[in-house]
Amino acid sequence: MYTQLQQRDSSRPPVTVATLARMKAEGEKIASLTCYDASYAVLVDEAGADVVLVGDSLGMVIQGHDTTVPVTLDHVVYHCRAVAKGLYRPFLMADMPFMTYTSRETALQNAVRLMQEGGAKMVKLEGGAGQVEIVEFLASHDIPVCAHLGLKPQSVHKTGGFRVQGREDAAAQRMKRDAKALEEAGADVILLECIPAALGAEITAELHAPVIGIGAGPDTDGQILVLYDVLDITPGRKPRFVQNFMKGHDSHSAALHAFVEAVKQRSYPAPEHCF
Ligand code: KIV
């Protein structure tokens with residue numbers, strides 16, 4: 001059965017996991033942004049973003065914390081529900097916050113909340129080989145999963161800071177093995193944060209699953225940035241991979257269109273944004 005909603009705008013069919021797989025196969029870049037509320041969700045959708053993430057970065061850009069660690073599942077559910085109201089076409093992904101996927105059962109219960117209450121179509125969790133069992137369990141229940149590798153902000157107190165990951169050969173090899181293992185466990189999308197561009201290119205070439213990068217070089221299948229960085233709202237020093245798209249644009253809407261266009265045309269990220 002098709003609902004009226006699904007037929008609302010058949011010229012812009014909603015993005016699905018199959019769309020993302022097709023985009024990878026055809027070499028069309030996946031433009032992604034984080035979002036935290038319904039009003040910006042409408043603008044991000046109109047700008048042509050393919051994927052929207054309700055990231056636990058909300059702890060930093062909305063709540064004013066120094067890290068994402070204090071964010072709870074209730075916080076992500078609340079923001080996800082608001083974003084879902086404003087979106088029609090983009091694929092909606094939601095972060096599983098710190099310590100909400102410590103066992104298979106907890107992960108499943110929390111992923112279900114993000115989907116049923118928040119309206120998410122995919123959940124994202126941080127981790128390498130240690131998360132294979134969780135990803136496998138979620139995938140066996142048909143929960144779409146994105147696995148986040150490289151810089152893992154939820155581990156910042158263990159790793160000692162927000163630093164580029166995978167620079168040494170052993171760490172790079174481990175990341176490649178982890179990405180493959182997570183894909184084999186059923187991850188539908190891999191997200192790579194803050195790694196050398198060459199490593200981003202290698203992992204992307206080795207995987208069947210679409211790879212979305214943030215500070216992972218120009219060769220990943222897609223790019224994601226934090227909305228408030230794109231719009232130059234975040235105060236203070238920015239990571240090297242951030243581009244202020246408000247430069248040369250007089251509205252948030254124009255800046256968001258420029259971001260999507262730059263990703264699609266491969267002019268973002270430029271060499272100065274890469275490690
Ligand atoms: O929480 C977030 O916004 C993220 C992005 C940085 C990818 O995980």
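**The ligand and its pocket**

Guide: The ligand sits in the largest pocket, where sitting in a pocket requires that more than half of the molecule's atoms lie within 2 Å of its grid points. This is a predicted model, in which local features need pLDDT of at least 70 and side-chain atom pairs count only at pLDDT 80 or more, while totals for chains, interfaces and linings use all residues. Residues are numbered from 1 along each chain as its sequence is written, and side-chain values use heavy atoms, with hydrogens and water left out.

A pocket is here an open set of points on a 1 Å grid over the protein atoms alone, with a 1.4 Å probe fitting at the points and protein on both sides within 12 Å along at least five of seven lines, and its lining residues have an atom within 4 Å of a point. The largest pocket holds about 890 Å³ of space, a volume being the space filled by probe spheres set on points that are joined across faces, edges and corners. Its lining has 35 residues, with Met 60, Phe 162, Glu 193, Asp 229 and Pro 239 nearest the centre. At least two lining residues come from each of α3 (58-61), β4 (122-126), β6 (189-193), β8 (222-225) and α10 (227-230); helices (H or I, at least four residues) and strands (E, at least two) are DSSP runs, numbered from the N terminus. By class, this lining has 19 nonpolar, seven polar and nine charged residues, with Ala, Val, Leu, Ile, Met, Phe, Trp, Tyr, Cys and Pro counted as nonpolar, Asp, Glu, Lys and Arg as charged, and the others, Gly among them, as polar.

Around the ligand itself stand Thr 34, Leu 53, Gly 55, Asp 56, Ser 57, Asp 95, Lys 124, His 148, Leu 191, Glu 193 and Ile 214, each having a heavy atom within 4 Å of the ligand. This shell comprises three nonpolar, four polar and four charged residues. Of the 260 Å² of accessible area that the ligand has on its own, the protein covers 95%, by the Shrake-Rupley method with a 1.4 Å probe.

The second largest pocket has a volume of about 470 Å³, and its lining of 26 residues has Gly 127, Gly 128, Gly 150, Lys 152 and Ser 155 nearest the centre.
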